[in-house]
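Here's a friendly walk through the pockets of a protein and the ligand that goes with them. Have the 3D view open while you read.

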Amino acid sequence: MIPVTQLDLLNKVREEIQTIFKGEGSGHDWWHIYRVTETAKSIAKKEKADLFLVELSALVHDLGDHKLFKGENAQEVLISNLLKKLNCDNFLINKILEIVKTVSYKGANVSTTPTSLEGKIVQDADRLDAIGAIGIARAFAFGGHHNRLLYDPTDKPTLHNNFESYKNDKGHTINHFYEKLLLLKDKMQTESGKALAIERHLFMESFLKQFYLEWEGKI
Ligand code: ADP
Ligand code: NI
C-alpha cells in the first residue's frame, strides 16, 4: 500500500517500527516507543506544536540509535530509507531527521538543544521515559542486558564532557542515575515536560535513599 494521507503514513510507520523493536531487551522495545509517542502527543497538544511531525518523529526516534544499531550514520540512513520506502518527500524526511538528531542524551556536559518546538517535545518525552518508576526499570534492564553491576560503591560517577567518553563508559547502573537520570529534570525543554518530570524525579530520589539503606543492612 502506498500511504496517501498523514494517517496512512503514521499507521505504516507504526507497523514497521513495531516489527523492528518488538523483541528488544535493553529497555528500548516497542512499548518504549509507544510511551514516548503518547507522551509526546499529549505535550504537543499543550504546547500547540505540529502533531503530525511530533508523532512521526517520536515513532522513529530510536531507529539507528548508537546503543542499538551499528554504523556511523545509522540514524540518518535507516530513517531516510524507511520514509523513502513509504513515499515521503525529501522535505519531510529532512524535517524528521532534524528533529530526531538532537533527541539522544550525549553526556552531562554535552549540549543537545533541539532547534524546533517539535524536537524539544520528542526529547522531553524520551527523557520522561528514562526517569521515574519506568526509568528505574529501564536502567536496570539496560544494565543487565549489558552485563553491568547493579552498584559498586568504590566506582564513582563521572560527569562526561564529550559523547565518546559517555558512550564508552561501562560503569554500574547506580552511576547512570548521577550521570544522566537525576540531571534530566533540569534539562527539560518545555514547561509541560518540566511539570511532568518533577514527580518522577522525586520518586528516583526516594528509590536511591531506600537502596543505600538496604545496601548497608540498615533497614
Ligand atoms: P537516549 O538516546 O537519550 O539515551 P533512549 O531512548 O535511547 O534515550 O533510552 C535511554 C535509556 O537507556 C536510559 O534511560 C537508560 O534506561 C538506558 N541506558 C543507557 N545507558 C545506560 C547505562 N550506562 N546504564 C543503565 N542504563 C542505561
Ligand atoms: Ni528512546
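## Before we start

Helices here are DSSP runs (H or I) of at least four residues, numbered from the N terminus. With that in hand, the largest share of the lining of the second largest pocket comes from α4, which gives 3 residues. Keep in mind that what you're looking at is a predicted model.

## The largest pocket

The largest pocket holds about 680 Å³ of space. It's lined by 33 residues, and the closest to its centre are His28, Lys67, Phe142, Tyr166 and His176.

Which helices each supply at least two residues of that lining? They are α6 (117–128), α7 (132–145), α8 (163–168) and α9 (173–179). The largest share is from α7, with 5 residues. Sort the lining by class and you get 7 nonpolar, 14 polar and 12 charged residues.

## The second largest pocket

As for classes, the second largest pocket is lined by 6 nonpolar, 7 polar and 8 charged residues.

## Where the ligand sits

So which pocket does ligand 1 sit in? Ligand 1 sits in the largest pocket. Around ligand 1 there are 17 residues, and the closest are His28, Lys67, Ser104, Tyr105 and Asp126.

The shell around ligand 1 gets the most from α7, which gives 3 residues. By class, this shell splits into 5 nonpolar, 5 polar and 7 charged residues.

## Contacts with the ligand

Zoom in on the side chains next. Lys67 has a polar side-chain atom 2.8 Å from an oxygen atom of ligand 1. For Arg138, a polar side-chain atom lies 3.1 Å from a ligand 1 oxygen atom, and for Asp65 the distance from a polar side-chain atom to an oxygen atom of ligand 1 is 3.4 Å.

How much of ligand 1's accessible area does the protein cover? On its own, ligand 1 has 560 Å² of accessible area, and the protein covers 95% of that.

How values were computed: Residues numbered from 1 in each chain as written. Chains lettered and ligands numbered in written order. Predicted model: local features only at pLDDT ≥ 70, side-chain atom pairs only at ≥ 80, totals over all residues. Heavy atoms only, no water. 1 Å grid on protein atoms, 1.4 Å probe; cavity = no way out; pocket = protein on both sides within 12 Å on 5 of 7 lines; lining within 4 Å. Points joined across faces, edges and corners; volume = space filled by probe spheres on them. Nonpolar A, V, L, I, M, F, W, Y, C, P; charged D, E, K, R; others polar. Near = heavy atom within 4 Å. Polar contact = N/O pair within 3.5 Å; in protein donor to acceptor, adjacent residues only side chain to side chain. Areas by Shrake-Rupley, 256 points an atom, 1.4 Å probe, with all protein chains shown as cover. Sits in = over half its atoms within 2 Å of the grid points.
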